[in-house]
Amino acid sequence: MHFLFRPSAAVTLAVTLLAGCSGTAPVTTGSRASGADPASGTVRYAAPGSPSNAVTDPHGMLPGESDVVRMALTYDVLTLPGADGSTRPRLATAWQPDASLTRWRITIRDDATFSDGRPVKAADALFSLRRMGRKAAENFGRMAMFDLDRSKVIDDTGFELVTRKPYAEVGKALEGATFVVPEGSDDFGKPVAGSGPFRPTGKGGAQAVLFERNDDWWGPKPPAKAIEVRAVPDPQARAQALLSGQVDLAGGVPATLVRQHEDNSAVRVVRRPGATLYPLVMRMDAEPFDDRRVREAVRLALDRKQLLDTVFLGYGELGNDLITPKDPSSPADLPQRVRDVTRAKALMAEAGLAGGIDLTLHSTTAYPGMDTAATLISQQLADIGIRAEVRLEPPDTYFSAVYARKPFYLGYLGGIPFLDVVRVTLTAGSPTNETAWRDRAWSADLDRALAEPDEAERRSRLGELQARLRDHGGYAVWALSDRLDLARAGLSGIPEGIGFAAAFIDQVRLDG
Amino acid sequence: MRRLPRGRATAVPRPARALVRSGLLLAAASAVIFLCTAALPGDAADVLGGRAAPEDVARLRAEHGLDRAPHVRYLDWLSGMLTGEPGVSLITGRPVAELIAQRAPVTLFLAMAALAVSVPLMAALAWAAVRGPRRLRPVVNAVVVAGAALPQAVVVAALVASLSAAWRLFPPVSMLPAGVPPWQRPDLLALPVLSLALPTAAYGTVLLRGAVADVVARPYVRDAELRGLRPVTVLLRYVLPVVAAPATRLLAVVLGGLVAGTAVAETMFGVAGLGELLVTAVATRDVPVVQAVALLAAAVVVAGMLAADLVAPSADPRTGLKAAGS
C-alpha cells in the first residue's frame, strides 16, 4: 500500500529533476532502439518506481509501483480489485462469514502450484497473511482488522479468518497485496517460489527484470510469452522510452507530453480517472481549524476549476471534498461545492477572524504540481483574509517531518479505497490520523455499517459516513487527477482501474 | 598532494610512502563519509515505518542496529568493509555488494567512455586556451568556464533537444534491455556518455590550463621555441612530461567524480547505475548503501592519485636526469 500513500524517494528525485528537462518529444526514431518485436512476444513496461529501491519481499514496504507489478506477476493474491471497485476472486474463490461476521471461511483454488512444484495450500495463504501482520509497521497495518493468532487452517483449501470486530468487507481487505508465498519462506534475498502468471528469469538485473509466462498457471493463459518490467523514476524518461519505441507501455507520464500526443496514431493514451489527489489537510485540534466554520470557509474559498486547470492541466475532475470519490460506496448525489467568497468571509467573521489570520501552508515537490497547487491555494485563500505563507519542504523528509505533524499542508492519496483511508488516517489513536479526526458517533456508526451484512444497505451507510466527513472533517479535496499512461498503438489488455488494479498486467498483448 | 622533500626518500622507499599515504587518505575518507551519513536528518526507520506508531519505529531502529552509538556503528561498518562484507540495504534487505555489482558495469562503462571522450577534448581545449590563435583564446576560455558551470540537467536537456529531437541521431533515453551488457548497445548510451563527457572536459580544462600556462612560460620552453623547434616537438618533449603528473591526478579526481556523479544523467536517461543508487540511498537514508558507494568513489580517486604518484618520477624529465646523474 505504501506506494499509494506516499511517494518513494525515487519518485521525489524524479520530480525534482523534471524541472530541468522538458525537451520536445521525437516520435519513434528509426534507430535500432525502436525495433519492437511482436514476434518475440515480449511486452516491455516502464513502470514508476526506482531500480535502487527494488524490493524482493512482497509483504513489507512496496516503495514503487514497479515493485507491485513484479510481485503481481510472480505471486497470486487472494482477491483482486475490479475496475468498478468491486472485489473479484483470484486465488481465493469464496469468502463466507458466519452469522456474527467475525469468522470467515476462505476457500482457495485447488489447482494452483508453486514454481517448485508444490501445490498451493490454505496453510501457505494463512502463513502469508500472518507474515503481513508481523510486518504491520511497514505495510500500514493492512491486516489490522484480523486476529491472525485465532485464525486457523481448516484443510488444504480452506482456512478460517477471524476478525477483531464484525467486518463485512473481508473480500476487500484481501485485495491486491495479499501475495501468497510458500509456508516458512522468510528469506527473500534469494528467489522464492511463486504461483503467479509469470516467473522471473535470471536474465536482467538492475536495469530490468524479464518474466516468462508460467504455462502451468491456473488462470486464463497470458497472451504475452514474456514481460520485461523496468523501474524508471523519471516520468519524462518513461514517456520518452515509449515515444522512441524502447518500451511498449509507460506508466504515469506527464500531462504536458500527453497533450502533445493526443493525435499521434502511433500511441494510445490510457486515462485512469480519479487516480490521485492532493488533499488540503487541516488539523482539527489546532487553531484556527478547531473551528468548523474556518474549515468550511477554506473549502468555500477554493476555486476548484482554476486548480484543476493549472495543476493537472485539466486532466482530471473537480473535487467535492470527498476523500475517496472513486470508492463504490462514495455518495454520488451530493451537489458540487463551488466557490462562495461572500459566504466564506461571513464564516470567517463569525469565527472571530474578520481581520484575517497568518498561517503557514506546507507543501513539497514530491509529486508534479504540488508546489503550484500550494501557491494557487494561498492566493485563493487571501480573498477571505487567510494569509497563508507557502513553505516548500524537501521531498525526502516531507512525509516524516510534515505528514501527520503539521496543522496545514498538502497531502497525497493515490487510488485508495475508503476503508483503507479509514484505517490509516481516520482512526482515533492512529499516528497517521492527520486531521485529528475523533468523532465517536462517526466511528460507532462505522462499526455498525461494517456489521451490516446487506451490501446495498452497507454501501449506503458507508456513503453517508463519507458525506459527514466531507462537511465536518479536516480535508478539502479540490480536484482529482487522472493517471496517464502511454501505450503503443498495438497494445491491448491493459488493466483498467486505479491503485492495485492497475498493477496486474498479466493479460497485456502486443498485436501486429 | 605535494611530495615530501626529496632528502628523506632514502629512509623509506617512495612507493611504500605513497601506499601508506593512500591508506591514510582512504581511512580519513571513510570517517568523513560516516560522519556525513550520521549527520543526515532522520534515518531509515523513519522511511520504512513512515509515521507508524513510535514503538514500531523504535523496533525497526533496533532491528537494524540504528540505536547503537555512532562510534560502535562506525567500527562495525569499517570491519565489514575490510572483510568484504558491506552489509545489506536497510530499505530493500538486499546485499549491498550485489546492488553495487549489478550497477558497476554500466556506470564504469559510462565513466570510461566519458573519460575517453573528455581526455583528448580536455587536452585540445587546454592547449587552445593557452597557445591557440590569440583571438580564439578568450572564446575557448569563456566556453569552458560556462561549460563547467552549467548544471548537468541543462546539458542533458540541450543534448536531447539537439542530437535526439532535432537531428534524430540518438534515442532520447537509454533503456538497456534485460541482461544485455552496456558495451553491446553503445547507440543507447551515446547521449549519457556525451552529457558526462562535455562538462567533465570543460571542468578539466579549467584546472589544466593553469598548469599548461605555467609550463609554457618556463625558460627552457621559451628557449626551445626560440631555437625554432616545431610546436609539436616542444609540446611532446618539453611540456607534456611536466604536465603529466598534475594531469594524472586531475584524471583521478575526474574519474572519481564520474563514478559517483552520474546520478543526474542516469536518472534522466533511465539508466540504473551507481549514481542513481547513491542519490536514492541518500534520500531513503539507506546508510550502508550510501557509505559503500561513496567509499568506492573515494577509493577510485585515491587509487588514481596513487597511480599518479607512482608514474610521476618517470614522467618528469628532470627527475629522470637527476636519477641518471646520481
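A:Tyr367 has 12% relative accessibility and therefore counts as buried (under 20% relative accessible area, with a 1.4 Å probe and protein chains only). A:Tyr278, at 4%, is likewise buried. The model is predicted, with local features requiring pLDDT of at least 70 and side-chain atom pairs pLDDT 80 or more, whereas totals for chains, interfaces and linings use all residues. Residues are numbered from 1 along each chain as its sequence is written, chains are lettered from A in the order in which they are written, and side-chain values use heavy atoms, without hydrogens and water.

Over all chains there are 15 aromatic pairs, a pair being rings of Phe, Tyr or Trp (its six-membered ring) with centres within 6.5 Å; planes under 30 degrees apart are stacked, over 60 edge-to-face and the rest tilted. Two of these pairs are tabulated.

| Pair | Centre distance | Plane angle | Class |
|---|---|---|---|
| A:Tyr278 and A:Tyr367 | 6.5 Å | 50° | tilted |
| A:Trp437 and A:Trp442 | 5.3 Å | 85° | edge-to-face |

Because A:Tyr278 lies in the loop between β12 (267-277) and β13 (280-282) of chain A, and A:Tyr367 in the loop between β15 (357-364) and α11 (370-382) of chain A, their pair ties together parts 89 residues apart in sequence. A:Trp437 and A:Trp442 are both buried.

A:Trp442 is also among the α14(A) residues that meet α15(A), contact meaning heavy atoms within 4.5 Å. The residues of this contact comprise eight nonpolar, no polar and five charged.

Conventions: Helix = DSSP H or I, 4+ residues; strand = E, 2+ residues; numbered from the N terminus. Buried < 20%, exposed > 50% of the residue type's maximum accessible area, 1.4 Å probe, protein only. Nonpolar A, V, L, I, M, F, W, Y, C, P; charged D, E, K, R; others polar.
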